[in-house]
Amino acid sequence: MMIAAFAEAADALGEQKYKDAALAAARFIWENMQQNGKISRTWFEGKVSLDGSQEDYAFLANGFIALFDLTGDKAWLQRAETLVATMVEAFRDEQAGDYYMTASAGTFSRAKVRTDAGRPSGAAGGPAAFARLSRRTGTPDHRVDGAALRAALSGLVVSSPASNAYFLMAGDNFIRGGAGDRRFLARGVVDARVSMDKTGKRLSVTLHIADGWHINSSKPLEDFFIPTALAIDGHDDASISYPSHRLAKLGFHDTDVAVYDNEIEIDAALPGKTGSDIVAKLTVQACSDTICLEPETAEFRIPFRPVSAN
């Protein structure tokens, strides 16, 4: 959790020292406390001891995902996938669908922790990792494993939501992609980030599109292609500016198509008064030269901040 906190703080605040701390901790654990996807809990004078617990795997995976978000280095995403694969294999209760704390029975039996206490539980850290990986990779197992765990614990969460705050956050991440100014869409093909200028009158969405992929133009040349679209709730008078598209030929289509690729920016000018949170909705459909993925819509909520008259 410390690695994730430092990585997210580095991203939000632009602090290099936080990035360095997150990377140093993650590299140390991976290089000194991990072997063949299995991690140890402690390290002292060059020696490791105690097998990692389920929560160690879950939260270390979340930390590595945060480092991928910060650096763009796919090695961290691959390491997170290695950790969750080990977690599923070693800790899952195949009958109940949830997870044991330990990989083997102790003196009495294998215990489970199903609710958050002073800190989030491993039971909540697991679905958080599955949700984030399902948004960033094309691996269907993450979505399936996350759904199975949510189904196993949903009744408990509904009956005691105050004791399962982190689990609820993981569910929101799975359904809506989470909160904040950034969303991953189309199995990680599209990385979208929203920002608002100091006046509160201009909103921008920057999209990074993976190599070998594109999204449709805001004005596609064929009716059956879903256009890229930005809408601002309650601001029908917003002036949306889309970039110029380029024409491309796809392996599954005979004529040119209008596309966006690499990095683009969409701007929205808000002429009216803004006295509440702004909700922006971005719709995209990502395609490669051979397939098109299902369209997705991401919702961003930008908190209202009064602008000083000075």
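In this predicted model, the side chain of Gln285 comes within reach of the backbone nitrogen of Ile226, at 3.1 Å. A second polar contact, of 2.9 Å, links the Gln285 side chain to that of Asn216. Here are the two side by side:

| Gln285 side chain to | Distance |
|---|---|
| backbone nitrogen of Ile226 | 3.1 Å |
| side chain of Asn216 | 2.9 Å |

Gln285 counts as buried because its relative accessible area is 9%, under the 20% cut-off. Leaving aside neighbours within four places in sequence, the residues in contact with Gln285 include His214, Ile215, Phe225, Cys292, Leu293 and Pro295.

Now step back to strand β13 (residues 278-284). This strand belongs to an open sheet of 3 strands, ordered β8-β13-β15 and paired antiparallel. The edges are β8 (229-232) and β15 (296-302), each pairing on one side only. From one strand to the next, the twist averages 20°. Between β8 and β13 there are 4 bridges, and Ala229 stands opposite Thr283 in β13.

Elsewhere, two helices are worth a look. Helix α3 (residues 54-71) packs against helix α5 (residues 122-136) at an angle of about 35°, and their axes lie 8 Å apart. The crossing of α3 past α5 is left-handed. Among the residues that meet there are Ala58, Phe59, Ile65 and Phe68 in α3, and Gly122, Gly125, Ala129 and Leu133 in α5. By class, this contact has 9 nonpolar, 5 polar and 4 charged residues.

Definitions and conventions
Residues numbered from 1 in each chain as written. Predicted model: local features only at pLDDT ≥ 70, side-chain atom pairs only at ≥ 80, totals over all residues. Heavy atoms only, no water. Axes fitted to C-alpha atoms, helices over the stretch in contact; angles between N-to-C directions. Left-handed = near helix turned anticlockwise from the far one by under 90°. Contact = heavy atoms within 4.5 Å. Nonpolar A, V, L, I, M, F, W, Y, C, P; charged D, E, K, R; others polar. Pairing = 2+ DSSP bridges. Buried < 20%, exposed > 50% of the residue type's maximum accessible area, 1.4 Å probe, protein only. Polar contact = N/O pair within 3.5 Å; in protein donor to acceptor, adjacent residues only side chain to side chain.
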